[in-house]
Amino acid sequence: MNTEVIQDQLNKKVLDSLAEFIKKPGLACSSDVWRQRGSEIPTAALMLGVNVPDHAMTFRSLCNLLQDSVTPFVVSVHAKECAAVKLLIQKVLEQLMGRGVSVDEEQEDDTALLQKTQCTISALCQWYKTVTKERRRQENKCTQVSPKRKENLAKNDLPVVVIFKDFEAFNSQVLQDFILICSRYTQELPFVFIFGIATSPSAIQHRLPHSVSSLLCIEVFHSLSCTQHLASVFDKLILNSQFPFKLSSRVIQVLVGIFLYHDFSVQNFVKGLQFSMLEHFNSQPLSVLCCQKHEALLSAKILSKQNVERIRHLPSFMRYVETQEPQEQVRLLTNDEHVKEVCQKLLKNLHTYHKNYYPILQCLHSLTSSLPKFPLGKHIRELHVSCIEKNLWETEEYDSALQLLRILAKDELVAALRSCAEILKSANTKRMQNVLQQLEDFLGRLEALQGVSSEDSSGNGVVSAKMEYQRTDLFQLQKTLLEKESRRTKRMNPFEVLRSQVIDFIDSLVREYLTPAEFQPLNEVCYYSSSGVLRQRLNVTPRTSIQAALTHPFYYLKNESLKTNTGTISSAAPDLCIVYKLHLECGRLINLYDWLEAYVTVMSAAEDQDTNSEECGKFDSLKHARFIQAVSEMEFLGFVKSTKQKTDHVARLTWGGC
Amino acid sequence: MVSTPLSKWKLAAITSAPCGAYMNYAEGLMASNIPTSPQETAVDFQEMGLQDKLLRKPTNQSITRMSVTLQCPGYPEDTLRSLAERLPCRETQLATLLALMGQPDQYSYPSVFIYGHRATGKSHVVLSIMKDLELPHASVDCVECVSSGLLFHQVLSAFFGPDAAALLPRCPSLSDFVRLYKQMSSNSPATQTRYIILDRAERMRDMDFSLLPALLRLQELVNDNVTVILLSEIVWEKFRPNTGCFEPLLFHFPDYSKAELVQILSWDHHPSYTPELYASYINILLGVFFSVCRDLRELRHLAVLNFSKFCEPLEKGEAKESDIHKLWKNIEPHLQRAMQTVYLREVSSVQWEQQQMDEKEATTLRVLSAHAHIELPYYSKFLLIAAYLASFNPARTDRRFFLKSHGKIRKTNFLKKHEKTSNHLLGPKPFPLDRLMAIFYSVVDSRVAPTASIFSQISSLVTLQLLSQVGHDDQLDSPKYKCSVSLDFILAISRTVGFDVVKYLYDFL
């Protein structure tokens, strides 16, 4: 899955404009040195949204782009590495000078060089001068440039780009100092800053005082919002018949839910997708059939006996069998070869279903997305989810959407149908071509109508104009108006007739092609549907799993002897579990001695069948030690902590009850 | 760089005849001797310094006091004159400084502390003197000196060349510096006073505590003719270490008055227009901006930015240069707009210029603060709201807001005295994580599992600086947070999720 390519395409526009911005200042500065603006550092504030994990890729491609097309001097710094100005400068120098040396392939040990030179911007300045001189000489050598161009080159020094990846996390004092220092050298060293900002541009003003921000010449660049990002990834990966692997509605809801509710991270979404794919191929043996059409047909021919049996047990296949003739049913249940053949047929059907499904889905979306209040959802993913979940035409939302479509104005309808036709053009099955034909037929009729209706209306205008000349009394006027009214209700004009035809046509399309995937036989092959597993894996709950481990150790340890009824405390369980269960019965402060006694009672409960009762009151040092260890483990897990309120007591840190 | 003393003497002799503004200034200075407050001390010190000099250098006794205050001896007259021309409105300061410095080969006062607001010409005056008179000096910006070693390095390399600086050990201490300086200066003793100029000296306070006192009496320490000039925006009182130190000579650079600003700003008039026009333009500009900004640099920047707009009617032929009123009408609203945007740097100057060019299209300004909206995941929004509530409601009122069957609690009886003042005036209060989560669960309408991603959202809110962590000692146990967003922000956020924050805020009951 080439999500990176997709993301690159999405980011391209922003990044290109950024590159333009960075190329530009070289000219601007040289033309008006006499101004103060010369000492302003051009700064790009790149708005990236809050999905911090996604930024890495954006910055990587930005770096590459800049290095390829603008300047080799690109530095990107992370807030974590730069706790002080010194470290920040060091970082910048390291990256720049190290890179410069490696590019020129001089046989110099750059670390030694760094140690010798002072770690200051003025050292960088020196270095920059020599490098640019070198570069110019080389360029002169390579190409005999005309003197004019040489001048241009001299003016257009390559900028030094410093990228602050996470602007918010930087210590503001460090940033201020760095900017102040850099602004002293702008004449010699053409700096350009890029701030990666996650929240809003006003963060700059919050972070930097006026005296510092006046040294910057800030321009704001917006990257695509993450929801748009998700929409395009969704379009390319899920709403696509190319990939045989599909997600059920529940799984989509889980993934989109995680995105919208928790992190806004497209990367995590893609990871979830990848995980569900792995899980599908891992858990569903019939996923051998989940591949491109001809491969699937081939593998359907050589299905093993076991897999044939599995197919028979698929709910969707059973449903299919039930619809068949009794004779056929018997054959399907007994004859393996026949099952294989049917299976091939069904697989073909499934593939054509997908091929027809997506274009029609997109058509329906383009028709309904402009309706007020979005009865079928603003995003195509919502429509998709409701389509594969249940019969769309049985929902209220669908009804209201059709109602709205039936009162659409003509130009809107035509525009919507045009876009539908565009979508259908890209679909290349026969049936879709058929649909396209019909649609274009409708379009042609609508356009023909346009001419007619315009004539009509002009005729009406003439009539009304004529009528005005007649002398009319009130009664007559009322009569004519009533007449008009009744005429309108009685007879729909040709456009309205056509419109209802169009809507009926669309309705029939929806009923034919947008059937839920669950009703397709063999849908289990392609659709991954265990949303529970996915939720458990992706949206982890560390606390509940710790509690589960402590209360039901069997769940993780799978040791038969640990199986207990709820409520009882088994002495076979690990010490930690026993101590945990005992502590649940206590209040906020726990007396250590009582706790220990309870522990020993539980421990000796198993033994004391045969031993005397006098021994059970005492606790040997082994039990004592085990108890102490368990308590300190509890402390480590954050359930209790020592307190100074009372001697020999520990405080509970969790709420009571479980 | 160094001209021989002999030639200087000659020059001094030649130019000692009264000529030009200098003389008058110096005389004025001496005659009045009752300058306004900040200079008073300076002048006192100056006299002290002069006496000091006279004592130390008996050879100079022949020079009368009058001729010293002429400042001419030792320095070429024409350079001085050009210097004075280049430093308008700072003549007094220039004269005093020159007087302080004395002749190049005389010992000067060990340390001078110059203070004044931003853009009052402190470093400009000092550096111009140094450069024009070709005095040996080391100019160091203290911001750059992340360690005192860098400072020593810069000073040494400026005085004795980079080779000398290379002799410094890896992490040089003050004594290393003094030792090396002594060694170097014994090889090449100062023929003229050497000046160390420390810009933004307030940063020195954050450096090694012994550095500042040592630098103040560096002359004594290295036994060389060296003067340290400290430039700062802060008054000396804030510098004085509590162990006491050598008091430098204090010297104030006052702010420019409006008339002075006009005079200075009129200097860089456009070559294609008359100076008078530019002066009137500056007057208009100051009329708008003087109330908010007296920073010369900023004003100059604004003047340059908006001048083309000012000249637009002239170029179109709609107005003549004499129609000041018409021009004023044209530029005034424009300047008002500039004050709201460019001055606050909400629009970069390049964008402003571009916008001026295609003003006809009436492009809406993409102002920085206009994009205050932040997109957050759904639960992050609720976490932020919960944090806000936890920060601005007293913990005791949680029961009233988040329990279903709370009794009616009167505001007045219920609270302690200090809680009666608005919590919004007091600022956010820290709250423990448990409280945040409790409020969060009762605020969110659906059931939320305490998943790892909920907790990671809290930490990502911290990195976005929407929350801030308080106290760094006990992070594992019970971390405490503060909500650092404004009420407007939280109102906007809660509107997007359809939650009425105001109903839950104690201050708005």
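Me: Taking contact to mean heavy atoms within 4.5 Å, which residues does H649(A) touch in this predicted model, leaving aside its neighbours within four places in sequence?
Reply: H649(A) belongs to strand 10 of chain A, and the model in which its contacts are computed is a predicted one. Once the neighbours within four places in sequence are set aside, the residues in contact with H649(A) are L589(A), I590(A), N591(A) and T643(A).

Me: Is H649(A) buried or exposed, and what is its relative accessibility?
Reply: The cut-off for a buried residue is a relative accessible area under 20%. H649(A) falls below that limit and therefore counts as buried, with a relative accessibility of 15%.

Me: Which backbone oxygen does the side chain of H649(A) reach, and at what distance?
Reply: A polar contact requires a pair of N or O atoms within 3.5 Å. The side chain of H649(A) meets the backbone oxygen of T647(A), and the distance is 2.8 Å.

Me: Which strands stand at the edges of the sheet in chain A, and why is one side of each left without a neighbour?
Reply: The open sheet of chain A is built from three strands in the order 8-10-9, with antiparallel pairing. Two of these strands each have a single partner strand, so one side of each lacks a neighbour in the sheet; they are strand 8 (589-591) and strand 9 (640-642). From one strand to the next, the twist averages 35°.

Me: What is the bridge partner of K641(A) in strand 10 of chain A?
Reply: Strand 9 of chain A pairs with strand 10, residues 649-652 of that chain, in the antiparallel sense over three bridges. Within strand 10 of chain A, the bridge partner of K641(A) is A651(A).

Me: How are helix 12 of chain A and helix 18 of chain B oriented to each other?
Reply: The axes of helix 12 (residues 249-263) of chain A and helix 18 (residues 378-392) of chain B come within 3 Å and cross at roughly 25°. Angles under 35 degrees fall in one class, and helix 12 of chain A and helix 18 of chain B are therefore roughly parallel.

Me: Which residues of helix 18 of chain B meet helix 12 of chain A?
Reply: By class, this contact has four nonpolar, two polar and no charged residues. From helix 12 of chain A come L260(A), Y261(A) and H262(A), and they meet Y378(B), Y379(B) and S380(B).

Me: How many residues of helix 6 of chain B are buried?
Reply: Helix 6 of chain B, residues 91-101, is mostly covered, and its buried residues include Q93(B), L94(B) and M101(B). Of its eleven residues, the number buried is nine.

Notes
Residues are numbered from 1 along each chain as its sequence is written. Chains are lettered from A and ligands numbered from 1 in the order in which they are written. This is a predicted model: local features need pLDDT of at least 70, side-chain atom pairs count only at pLDDT 80 or more; totals for chains, interfaces and linings use all residues. Side-chain values use heavy atoms; hydrogens and water are left out. Two strands pair if DSSP finds at least two bridges between them. Helices (H or I, at least four residues) and strands (E, at least two) are DSSP runs, numbered from the N terminus. Axes are lines fitted to C-alpha atoms, for helices over the stretch in contact, and angles run from 0 to 180 degrees between N-to-C directions. Angles under 35 degrees count as roughly parallel, over 145 as roughly antiparallel, 65 to 115 as roughly perpendicular and the rest as oblique. Contact means heavy atoms within 4.5 Å. Ala, Val, Leu, Ile, Met, Phe, Trp, Tyr, Cys and Pro count as nonpolar, Asp, Glu, Lys and Arg as charged, and the others, Gly among them, as polar. Buried means under 20% relative accessible area, exposed over 50%, partly exposed in between (1.4 Å probe, protein chains only). A polar contact is a pair of N or O atoms within 3.5 Å; within protein, one must be able to donate a hydrogen and the other to accept it, and residues adjacent in sequence count only if both atoms are side-chain atoms.
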